[in-house]
Number of protein chains: 2
Amino acid sequence: MTEVSRVRGVLSPVVTPFDRDLRPDGQRLARHCRWLLDNNVGLAIFGTNSEANSLSVAEKMALLDTLVEAGVPTGRMMPGTGCCSLSDSVELTRHAVDLGCAGVLMLPPFYYKGVADEGLYRNFAEVIEQVGDERLRIYLYHIPPVAQVPISLALIERLLKAYPGTIAGVKDSSGDWGNTNAMLEQFQPQGFDVFAGSETFLLATLRGGGGGCISATANVNPGPIAHLASTWEQPDADAQQAALDAVRSIFQGYVMIPALKAAIGHYTNDAQWNRVRPPLVELDERQRADLISTLDGAGFSMPGLRG
Amino acid sequence: MTEVSRVRGVLSPVVTPFDRDLRPDGQRLARHCRWLLDNNVGLAIFGTNSEANSLSVAEKMALLDTLVEAGVPTGRMMPGTGCCSLSDSVELTRHAVDLGCAGVLMLPPFYYKGVADEGLYRNFAEVIEQVGDERLRIYLYHIPPVAQVPISLALIERLLKAYPGTIAGVKDSSGDWGNTNAMLEQFQPQGFDVFAGSETFLLATLRGGGGGCISATANVNPGPIAHLASTWEQPDADAQQAALDAVRSIFQGYVMIPALKAAIGHYTNDAQWNRVRPPLVELDERQRADLISTLDGAGFSMPGLRG
């Protein structure tokens with residue numbers, strides 16, 4: 001098996017900027033990626049909060065190419081490559097592996113509901129067999145509130161047994177600590193890295209031996225979140241966690257993706273960042289003003305971020 | 001506005017055959033389409049029961065091309081072209097319109113849940129504007145049990161007002177007759193054709209002035225369903241409806257897509273039809289034997305269908 005550096009710590013589902021024709025803007029994306037890396041946050045591009053499922057496979061592959069050309073290191077990337085269509089998942093995953101991405105974050109196919117674990121197993125197995133590359137590292141993406149298709153503990157167990165090494169971990173966005181804890185106890189000892197779906201569970205996940213978190217709000221608050229990940233054994237860890245929770249709770253008062261973009265747009269003085277693709281809708285003027293005044297009031301800033 | 005013949009009657013979300021490498025098999029698909037047309041059933045290819053969301057956009061465009069080359073008339077087609085990604089929806093819809101399809105059946109973008117009607121409106125409006133072709137006829141696809149993103153009456157009203165002529169109708173797969181009836185009362189008088197999501201509501205829909213139905217089981221029982229659609233004012237209509245319901249109830253005892261394929265595979269003596277793409281799973285031997293013996297016992301047949 002080829003040696004690949006293990007992904008740990010904090011990653012962000014990097015928000016995707018759009019131009020006035022709603023086309024993805026690779027240069028602005030590269031700039032945001034660099035700022036996240038400067039803050040010690042890895043790049044889970046094409047996540048839920050990246051509006052990845054509002055992009056075509058061709059658009060995602062072109063964006064990846066643009067990031068590589070811009071010098072963003074693929075060794076720090078974990079692109080989302082799980083699509084409804086098996087053929088799409090294979091094509092996008094192969095492209096990510098060919099470019100040297102550290103791993104891929106893989107949604108289950110999410111159109112058909114109530115499908116059997118056997119069918120989900122076959123989906124992941126087919127992707128692995130068809131990509132056929134020992135460098136492939138798959139992080140399963142469990143996000144039942146959105147995908148509405150869960151990845152069960154039994155499915156993980158079966159996949160881990162069949163493809164050890166390739167099945168590398170999970171992002172648990174269930175919001176259910178009991179489930180994250182079960183994954184930590186059952187699979188983390190096998191080298192299967194459990195990432196919490198947000199920094200809300202970062203400290204608890206690290207204390208449970210997990211890999212870290214992959215969080216929407218790491219787009220806007222990367223430094224402090226990454227700091228907790230690297231100092232979680234220090235006495236101030238609980239206080240750090242509380243401070244992270246306070247910032248996150250502000251963003252959770254709005255629809256998350258447009259709120260993240262509104263904050264980035266405001267602090268970089270670049271209104272283009274407000275744009276989202278349908279079916280999402282940007283924050284309206286009043287919501288934006290309200291969000292910014294709440295953030296300012298909380299002493300929030302995005303140091304080093306430039307438009 | 002260009003004159004386009006209005007779609008009425010019965011259509012089938014045509015099941016998609018796969019070869020041993022799980023690639024779509026255009027020749028078998030064309031053969032099944034011809035049999036459906038011989039039975040007076042139109043072609044809602046790329047529907048839910050076509051496993052359309054398990055196919056890439058490129059695979060769907062290639063299948064459409066294959067059908068056209070095989071002489072299957074696009075004037076009898078209503079392909080599903082609504083994808084999660086706006087760019088995918090535009091590309092596939094444009095291809096369908098360019099080939100002369102009678103209409104397209106359009107899912108809302110279905111990854112993000114709880115989205116505002118404003119965002120769904122923008123999605124459909126963007127597709128219409130970007131395709132920019134007056135031949136485009138959109139049938140909205142309301143299937144909340146699967147997509148988990150509903151198309152509300154308020155959204156239909158707004159779309160109809162903004163794009164009369166282009167917004168041509170709906171397939172209501174809510175399974176909620178109250179909703180279908182509200183659509184019939186509110187929008188059918190404006191020339192917006194309401195199609196029931198299965199033949200269960202065919203007679204009621206036609207009596208309410210609707211367009212017909214688009215039904216999974218029209219893949220296997222097309223003749224009798226189409227017969228009711230053309231003779232629904234005859235005295236035996238209720239008896240016909242009851243007979244259709246009896247056949248449908250047999251298939252509803254199994255997972256629908258593999259059950260449809262198992263029946264086609266059995267009656268054409270062509271086991272390749274059993275194949276489904278993950279995340280679906282084919283019926284096992286016992287289920288298949290059970291289905292066939294129940295169908296045989298009910299006197300079911302698929303006259304004229306050949307492998």
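B:F251 is buried, with a relative accessible area of 0%; buried means under 20% relative accessible area, exposed over 50%, and partly exposed in between (1.4 Å probe, protein chains only). This is a predicted model, in which local features need pLDDT of at least 70 and side-chain atom pairs count only at pLDDT 80 or more, while totals for chains, interfaces and linings use all residues. Residues are numbered from 1 along each chain as its sequence is written, chains are lettered from A and ligands numbered from 1 in the order in which they are written, and side-chain values use heavy atoms, with hydrogens and water left out.

A search of the whole structure finds 15 aromatic pairs over all chains. Rings of Phe, Tyr and Trp (its six-membered ring) pair if their centres lie within 6.5 Å; planes under 30 degrees apart count as stacked, over 60 as edge-to-face and the rest as tilted. The ring centres of A:Y139 and A:F195 are 6.0 Å apart and their planes stand at 75°, so this pair is edge-to-face. A:Y139 lies in strand β4 (residues 138-142) of chain A and A:F195 in strand β6 (residues 193-196) of chain A, so the pair ties together parts that are 56 residues apart in sequence. Helices (H or I, at least four residues) and strands (E, at least two) are DSSP runs, numbered from the N terminus. Both A:Y139 and A:F195 are buried.

In chain B, B:F251 forms an edge-to-face aromatic pair with B:F300, at 6.0 Å centre to centre and 70° between the planes. B:F251 belongs to helix α10 (residues 237-251) of chain B and B:F300 to the segment after α12 (285-297) of chain B, 49 residues apart, and the pair links these distant parts of the chain. B:F300 is buried, with a relative accessible area of 8%.

Strands β4 and β6 of chain A belong to an open sheet of seven strands, ordered β2-β1-β7-β6-β5-β4-β3, with parallel pairing. Two strands pair if DSSP finds at least two bridges between them. The edge strands of chain A, β2 (42-43) and β3 (104-106), each pair on one side only. β4(A) pairs with strand β5 (residues 167-172) of chain A in the parallel sense over five bridges, and the bridge partner of A:I138 in β5(A) is A:I167.

Finally, the two chains. A rotation of 180° with 0.0 Å of shift along its axis superposes chain B on chain A (RMSD 0.0 Å), by least squares on the C-alpha atoms of residues with pLDDT of at least 70 in both. The two copies are therefore related as by a two-fold rotation axis.
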